[in-house]
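Visitor: I would like to learn how to read a protein model. Can you take me through a few features, one by one?

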Amino acid sequence: MEGNVVPFARRAESSVLVVEDDPSQLEELVEVVRSFGWSAAGVSDGYAAVAAIRQGRPKLVILDIRLPAIDGIRVLEFAQSLGFSGQVVLISGDPDALRRAMQSSTNPISILEKPVSTKVLGELLYAILSA
């Protein structure tokens with residue numbers, strides 16, 4: 001896999017894949033997920049995201065919309081074409097990207113604006129992964 005990769009922690013059953021091209025935000029989001037007790041991995045580009053989804057079949061993907069090479073919406077479309085049935089939360093700091101995500105047919109469970117609140121993320125993690 002290319003780009004920055006934060007390996008899975010083996011602390012819990014449920015797995016979360018974080019896809020974020022900003023290294024500091026990637027690390028922060030992975031650590032927030034882990035702080036709530038779930039295992040997490042992180043990748044920094046769309047190609048690595050597709051490979052990680054194909055290999056690991058995470059229960060939840062937190063997916064930045066604006067990524068180099070393949071954007072988050074295309075990653076989600078490709079993952080769904082492969083039969084991925086996990087949940088997806090799209091994130092972005094770009095209002096146009098957020099609008100585009102709302103108009104897409106990919107049906108993410110949620111679309112969040114960056115910076116993502118730790119409290120909101122924790123509530124989402126609990127709602128999705130504890131179900």
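Guide: We start with salt bridges. A salt bridge here is a side-chain nitrogen of Lys or Arg within 4 Å of a carboxyl oxygen of Asp or Glu. Keep in mind that this is a predicted model.

Visitor: Which side chain meets Glu31 in a salt bridge?

Guide: The general idea comes first. Side chains of opposite charge can pair when their charged atoms come close. In this structure, Glu31 pairs with Arg34, at 3.4 Å from N to O. Both sit in helix α1, 3 residues apart, so about one helical turn separates them. Glu31 is partly exposed, at 41% relative accessibility. Arg34 is buried, at 13%.

Visitor: How many salt bridges are there by this rule?

Guide: The count comes to 7 salt bridges. One of them links Lys114 and Glu20, with the closest N and O atoms 2.7 Å apart. Lys114 lies in the loop between β6 and α5, and Glu20 in the loop between β2 and α1, so the pair ties together parts that are 94 residues apart in sequence.

Visitor: Is Glu20 buried or exposed?

Guide: Glu20 is buried, with a relative accessible area of 1%. Lys114 counts as buried too, at 18% relative accessibility, because the cut-off for buried is under 20%.

Visitor: Where do Lys119 and Glu123 lie?

Guide: Both lie in helix α5, 4 residues apart, about one turn of the helix. Lys119 forms a salt bridge with Glu123, and their closest N and O atoms are 3.7 Å apart. Lys119 is exposed, with a relative accessible area of 60%. Glu123 is partly exposed, at 47%. Salt bridges can also share partners: Glu20, Asp64 and Lys114 are joined into one network that way.

Visitor: Now the strands. Which side chains of β6 point to one face and are buried?

Guide: Ser110 and Leu112 do.

Visitor: How many bridges join β5 to β6?

Guide: There are 4, and the two strands run parallel. Ile91 stands opposite Leu112 in β6. Together, β5, helix α4 and β6 make a right-handed β-α-β unit.

Visitor: What about the inside? How many residues has the largest nonpolar core?

Guide: Again, the general idea first. In soluble globular proteins, nonpolar side chains tend to be buried together. Here the largest nonpolar core has 24 residues. Leu17, Val19, Val61 and Leu63 have the most contacts inside it. Several elements each supply at least two residues of this core, including β2, β4 and α3. The largest share, 5 residues, comes from α2.

Visitor: Which residues does Leu63 touch?

Guide: Leave out residues up to four places away in sequence. Leu63 then touches, among others, Val19, Val75, Leu90 and Ile91. There is also a second, separate core of 20 residues, which includes Val32, Trp38, Val116 and Ile128.

Visitor: One last residue. Where does Ile53 lie?

Guide: Ile53 lies in helix α2. Ile53 is buried, at 4% relative accessibility. Leaving aside neighbours within four places in sequence, Ile53 is in contact with Leu17, Pro58, Val61, Val75, Ala79 and Phe84. The C-alpha atoms of Ile53 and Gly86 are separated by 9.3 Å, and these two residues are 33 residues apart along the chain.

Definitions and conventions:
Residues numbered from 1 in each chain as written. Predicted model: local features only at pLDDT ≥ 70, side-chain atom pairs only at ≥ 80, totals over all residues. Heavy atoms only, no water. Buried < 20%, exposed > 50% of the residue type's maximum accessible area, 1.4 Å probe, protein only. Pairing = 2+ DSSP bridges. Right-handed = clockwise from strand over helix to strand, strands pointing away. Contact = heavy atoms within 4.5 Å. Core = buried A, V, L, I, M, F, W, Y, C linked by side-chain atoms within 4.5 Å.
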